[in-house]
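Here are some friendly notes to read alongside the model. Take them in order, with the structure open beside you.

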Amino acid sequence: MPEITRDEVAHLATLARIDLDDAELDHLAPQLSVILESVASISGVAGDDVPPTSHPLPLTNVFREDVVVPSLTAEQALSGAPASEQQRFAVPRILGDEQ
Amino acid sequence: MSDLTRLTAAQAADALAAGEITSVALTQAVLDRITAVDADVHAFLHVDAEGALEQAAASDARRAAGAPLHPLDGVPIAVKDVLATDGLPTTCGSKILEGWIPPYDATVVTKLKAAGLPIVGKTNMDEFAMGSSTEHSAYGPTRNPWDLDRIPGGSGGGSAAAVAAFEVPLALGTDTGGSIRQPGAVTGTVGVKPTYGGISRYGLVAMANSLDQVGPVTRTVLDSALLHELIGGHDPLDSTSIDQPLPDLVTAAREGAAGDLSGLKVGVITELTGDGYQAGVLARFQESVDLLVKAGAEVVEVSCPSFVHALAAYYLIMPSEASSNLAKFDAMRYGLRVLPEGIDNPSAEDVMRASRDAGFGDEVKRRIILGTYALSSGYYDAYYGTAQKVRTLITRDFEAAFEQVDVLVSPTAPTTAFKLGEKLDDPIAMYLNDLATIPANLAGVPGLSLPAGLADEDGLPVGFQVLAPALADDRLYRVGAALEAALQAQWGGPLAPPEENLR
């Protein structure tokens with residue numbers, strides 16, 4: 001039976017960029033194991049000959065003519081930004097001290 | 001006219017066209033009703049009284065000039081808070097989007113505005129549409145007008161409860177695994193999940209792109225058809241939008257209401273009835289099936305053996321897509337930004353982690369972690385890959401079934417509305433509510449839920465689900481309208497929640 005350990009949940013949370021505290025890890029880890037146990041029932045249901053479906057429609061790329069159409073102004077695009085400067089999104093530092 | 005809030009959208013449209021009422025009077029009545037009952041029901045996260053009345057006055061002016069934009073011009077509507085509305089807050093029921101005001105409209109909202117429907121507000125929902133009870137809203141639960149201690153379904157509990165409580169005649173919902181149909185079932189209202197690709201998703205904040213679909217939430221089948229035709233059709237802004245015209249849905253509903261289903265073949269899905277379904281749900285379901293026979297339909301039982309794996313496949317595919325989609329809430333361009341405590345000069349990643357922890361609720365975190373797990377290397381084939389194959393099997397089951405019958409039917413949800421809090425911390429029990437609605441999303445086929453009466457044991461509404469092949473949404477309306485007419489003839493009118501509940 002699959003089980004997600006507390007350490008694995010902590011690692012997954014790091015991958016997903018969510019700071020889970022100890023109480024959240026204690027709460028989530030057993031719940032995720034139970035969920036995983038119940039979805040694991042599908043392993044082996046479909047044979048190798050069954051193709052996967054990623055989407056309900058048979059999709060092909062959709063193109064349009066390369067013409068300029070109206071879009072948001074810079075002011076509109078920045079209207080929800082937590083911080084902005086000189087018509088740009090202002091973000092925290094993106095490099096580490098050693099970089 | 002005595003109580004304008006009791007009018008269906010079709011009746012309101014007729015009364016507006018005949019000059020018997022004005023849009024301002026109708027919209028004011030709706031706003032007064034919201035003021036009177038929404039403190040209890042909490043269907044709305046935001047009410048735009050001023051904007052709605054302005055739109056209503058403009059509608060009346062157009063009509064006076066003899067130039068209404070659409071038959072529903074002037075009929076007020078509510079919009080689920082997962083759809084972007086220019087100038088109105090759009091939170092998706094999440095703290096991470098608290099106070100966010102989109103600079104653009106979803107295409108379906110553009111269509112509502114172009115047709116002149118006053119938008120009265122944004123409705124409550126489970127955070128990012130993840131849930132079956134609306135209890136996962138960061139702004140508090142919506143309550144079921146039939147019993148304020150019970151859930152209104154989810155994720156679109158706000159839209160369904162608003163319509164059920166006569167707070168508004170029309171609402172928009174979205175359905176990823178049942179979020180329109182299951183709330184419809186437990187609140188005694190009508191809800192439709194159209195064919196995947198039938199309605200634009202542009203401006204819909206995605207949970208799971210390959211499953212999400214916008215649809216109507218109303219009190220009657222005809223009202224759903226009217227709204228579906230208004231919002232449907234091809235949109236160049238959504239590359240998954242189907243580039244062909246919708247079938248004639250309103251005509252199908254009107255013809256269906258005449259009550260003759262001769263020549264129609266109906267399949268009862270073996271796997272979606274029996275064990276696990278409440279007795280009162282099964283009793284009302286069977287009565288409705290009998291009414292279809294009485295209307296001339298031929299009913300057979302059809303087996304869809306892979307449907308028993310639909311829930312498991314869904315709870316791998318949906319979290320996988322959701323974990324990718326919700327990566328965009330990174331505290332950089334919009335939404336909540338939280339600076340972590342105790343870190344000088346935090347990095348962008350530190351800020352992302354702190355913001356996402358503070359901004360997302362439990363259920364969203366559960367699904368993001370689950371999706372991250374299912375997509376991680378080493379597990380991908382076993383989980384996501386297998387789930388995609390099961391999706392193929394479910395689609396094949398539908399194809400085989402629709403070779404034998406024109407529509408499939410089942411109860412919409414296994415039980416009536418449960419008590420608030422009852423399943424909040426038991427994810428599996430919560431997920432089981434979507435057992436009967438999920439297969440349609442996985443295969444992209446359309447589904448409708450309509451009220452089938454009240455369960456004997458608790459007096460709460462039961463939903464009847466109709467499923468049709470992709471692009472044959474008109475069949476839902478034909479069958480739904482016929483059944484609705486037969487049921488209302490028995491009841492002596494539509495179902496309505498006890499008014500004393502709403503004070």
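1. Let's begin with chain B, which has 16 helices and 11 strands. Helices (H or I, at least four residues) and strands (E, at least two) are DSSP runs, numbered from the N terminus. This is a predicted model, in which local features need pLDDT of at least 70 and side-chain atom pairs count only at pLDDT 80 or more, while totals for chains, interfaces and linings use all residues. Residues are numbered from 1 along each chain as its sequence is written, and chains are lettered from A and ligands numbered from 1 in the order in which they are written.

2. For the overall form, the C-alpha atoms of chain B fill a box of roughly 70 × 55 × 45 Å along the principal axes. A compact globule of 503 residues would have a radius of gyration near 23 Å, and the 22 Å of chain B agrees with that. The radius is taken over C-alpha atoms, and the globule rule is 2.2 Å times the number of residues to the power 0.38.

3. Of the 503 residues of chain B, 64% count as buried. Buried means that 20 or more other C-beta atoms lie within 10 Å of a residue's own; exposed means 12 or fewer, and partly exposed is in between, with C-beta atoms placed from the backbone.

4. Why does V266(B) count as buried? Because V266(B) has 21 C-beta neighbours inside 10 Å. Beyond its neighbours within four places in sequence, V266(B) is in contact with residues including L292(B), V299(B) and V407(B); contact means C-beta atoms, placed from the backbone, within 7 Å. The C-alpha atoms of V266(B) and L467(B) are separated by 9.8 Å, although the two are 201 residues apart along the chain.

5. Among the buried residues of α9(B) are V281(B), F285(B), V289(B) and L292(B). Seen down the axis, the buried residues of α9(B) fall within an arc of 155°, so they line one face; the arc is that of the directions from the helix axis to the C-beta atoms. The face turned away carries the exposed residues A279(B), D290(B), V293(B) and K294(B). Just after α9(B), G296(B) takes a positive phi of about 110°.

6. Where do the two chains meet? 55 residues of chain B are in contact with 46 residues of chain A. The largest share of the side of chain B that touches chain A, 11 residues, comes from α13(B). That side divides into 29 nonpolar, 16 polar and 10 charged residues. Here Ala, Val, Leu, Ile, Met, Phe, Trp, Tyr, Cys and Pro count as nonpolar, Asp, Glu, Lys and Arg as charged, and the others, Gly among them, as polar.

7. Finally, look across to chain A. The buried residues of α2(A) are L28(A), L32(A), I35(A), L36(A) and V39(A). They pack against α1 (6-15) of chain A together with α10, α12 and α14 of chain B. From the other chain, L316(B) is in contact with V39(A), and also with residues including A374(B) and Y383(B).

Note on methods: Contact = placed C-beta atoms within 7 Å.
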